[in-house]
Amino acid sequence: MNGKEKKPVKKPLIFYYLIVLVVLMLLNWLIVPSVMERSIQKTSYREFLDSIENKEIKEVELESDVIYYTVEKDGEVTVCKTGRIDDENLVERLDESGAEFSGEIPKKQSPILSFLVSWIFPIVLFVVLGQWLSKKMMKGMGGPGAMAFGKSNAKIYVNSSTGIKFSDVAGEDEAKELLKEIVDYLHKPELYRDIGASLPKGALLVGPPGTGKTLLAKAVAGEANVPFFSISGSEFVEMFVGMGAAKVRDLFKQANEKAPCIVFIDEIDTIGKKRDGQIGGNDEREQTLNQLLTEMDGFDGSKGVVILAATNRPDSLDPALLRPGRFDRRIPVELPDLQGREEILKVHAKKIKIGDNVNFHEIAKAASGASGAELANIVNEAALRAVRDGRKFATQMDLEESIEVVIAGYQKKSRVLSNKEKLIVSYHEIGHALVAAKQTESAPVHKITIIPRTSGALGYTMQVEEKEHFLMTKEELENKIATLTGGRAAEEVVFHSITTGASNDIEQATKLARGMITRFGMSDDFDMVAMENVSNQYLGGDSSLACSFETQTLIDKKVVDLVRTQHEKAKKILQDNIGKLHELAKYLYDHETITGEEFMTILSETKTEPFSLEKTEEL
Ligand code: ADP
Ligand code: MG
Ligand code: ZN
């Protein structure tokens, strides 16, 4: 994130100098003397007396319990030491031998210094060490540091000038409209107050992952000239019960002081889950949620604190959170439509060098169903590809290839299909396309390839719908199921055997068929009764059955019947057009890729040269 952030106070440099100094002093006191000691030869008192007798001693230093002395023997000087013994005649003897000798001069240390060294220094050392250790341990436990218990660690952005603006968010016009109103209110509250309007206290951004919810909140921060607190729901969750609640309290206290301001809670479902009253439920989470509810009631909306939150699981949120006066405004941030995709591509294309003649409309069409994050990724992949190929800018080809990379993974050069497998994959993919084409009499595909991808797909068909539509008729759904079974049908018609290559098709066909029967009321027996409930609509859409056992059995049977009918239909279509099937499959086999136009040209040619299966089966 951009903008001004409050950073934790850094330790001044002097702190580190001090540590170095202490280490040096310790070295000086402990290590250096002991090293020097080692080079001194230890002798017995007897030897010492002998040396005096022989007048070999040059210098002597008498300390309270050690005697250091130097001996000169054959021109070699050695330093020796010996323990001091109560010897009354020592001074006399030394005097006689003519050695230079002296006693220990008592060190005069100021009392303050010695007090500092012997008392204060160790205490300070222990305190510093203890704090450092406890901080390290807190970090290890995931806590915010010993000194920050119960403090919110919301990041504050004030006047972030380098931040993201609304213009960086493409599409999502409705969401931007609503958020602009909030920003406007915070800039000119008088206008709204005069007319007596009060703005919603909270707005909830909901939508599938990667559609730009967090981005929108950042854009609000960039546009609003007011403090912006940003925190993620997971940051409230603590190890100790009550800590999250304390953080919420602290966050709102700060927000109230800084009002007018915006508070943004990302991924609010972490703390906002329904309280289900289970015994031994998550106490900490519930307390945090309760505190949030209380705080949201507690503050005065006219003061100008607006709370934004984002989630992709709105159905799991506690209803209390959604009632008027709390997050009463829900801002849907949906997957972009064709125009939205085009705009998002253009926004991101500004960040890279790109050829002039790139047709973003075509790319947007090919990337149907992609989220904003995926589109950003597609543009980036294109730039990477351009660099890899040594080009200075990205081209249309780069973008098209990167759509496939994002959807299906990289080309897997190392996987080599046997010729027989390649032929089967060709027939399988053409089977899909041909069934689709014959049902609608229009170009069903953008492109078909049989180059293996890292996602595991051995080949795939890129479908592009000319016009986006949001309603589907029963016939269209049935046709779609037939198309999905077309791959397997082609294998059956041509090879009279089946492979594992259809597993993904089977999954999708089953899902569609189930949906038609249990949720869309498209079977005669159940009329308009829902047999399944969908939860998590933004995250894959798990569904749970809501009917009796007998009905479940009936549903299963109906699903099988539906798919079987369409499968038979697909097989019939392929048998009726077997010549074209062979011709197209051979073309795909030879070229590995076929575009929608090439497909249609071959399909509409009247002349079909006889093609014998025997020839291909030799492969
Ligand atoms: P989420 O909805 O999961 O919070 P994000 O806001 O984090 O998604 O979006 C991820 C990325 O996708 C953004 O950083 C941005 O690059 C891109 N993106 C998503 N939606 C848009 C959009 N409408 N316009 C431009 N970029 C977008
Ligand atoms: Mg997000
Ligand atoms: Zn298939």
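1. Ground rules. The model is predicted, so local features need pLDDT of at least 70 and side-chain atom pairs count only at pLDDT 80 or more, while totals for chains, interfaces and linings use all residues. Residues are numbered from 1 along each chain as its sequence is written, chains are lettered from A and ligands numbered from 1 in the order in which they are written, and side-chain values use heavy atoms, with hydrogens and water left out.

2. Shell of ligand 1. The ligand is surrounded by 16 residues. A residue is counted here if one of its heavy atoms lies within 4 Å. The closest are Ala170, Gly210, Lys213, Thr214 and His348. By class, seven are nonpolar, six polar and three charged. Ala, Val, Leu, Ile, Met, Phe, Trp, Tyr, Cys and Pro count as nonpolar; Asp, Glu, Lys and Arg count as charged; the others, Gly among them, are polar. Three helices, α7 (213-223), α12 (338-349) and α14 (372-388), each give at least two residues to this shell. Helices are DSSP runs of H or I with at least four residues, strands are E runs with at least two, and both are numbered from the N terminus.

3. Polar contacts of ligand 1. A polar contact is a pair of N or O atoms within 3.5 Å; within protein, one must be able to donate a hydrogen and the other to accept it, and residues adjacent in sequence count only if both atoms are side-chain atoms. An oxygen of ligand 1 sits 2.6 Å from a side-chain N or O atom of Thr214. For Gly212, a polar backbone atom is 3.1 Å from a ligand oxygen. A ligand nitrogen is 2.8 Å from an N or O atom in the side chain of His348. On its own, ligand 1 has 560 Å² of accessible area, and the protein covers 80% of that. Areas come from the Shrake-Rupley method with a 1.4 Å probe; for residues, only the protein chains shown count as cover.

4. Zinc site. Ligand 3 is a zinc ion, coordinated by His428 (NE2), His432 (NE2) and two OD atoms of Asp505, at 2.0 to 2.8 Å. Donors are N, O and S atoms within 2.8 Å of the metal (3.2 Å for Na, K and Ca); water is not among the atoms, so sites may look incomplete. The donor residues are spaced H-x3-H-x72-D in sequence. His428 lies in α16 (residues 419-440) and Asp505 in α18 (residues 503-518), so the pair ties together parts 77 residues apart in sequence.

5. Buried means under 20% relative accessible area, exposed over 50%, partly exposed in between (1.4 Å probe, protein chains only). His428 is buried at 5%, and Asp505 is buried at 12%. Arg488, in helix α17 (residues 474-495), is also buried, at 18%. Its C-alpha is 8.6 Å from that of Asp505, 17 residues away along the chain.

6. Backbone checks. Glu172 is not a glycine, yet has a positive phi of about 50°. It lies in the loop between β6 (155-157) and α5 (173-187) and is buried at 11%. Glu592 has a positive phi of about 70°. Its loop joins α20 (578-591) and β16 (593-595), and Glu592 is partly exposed at 30%.
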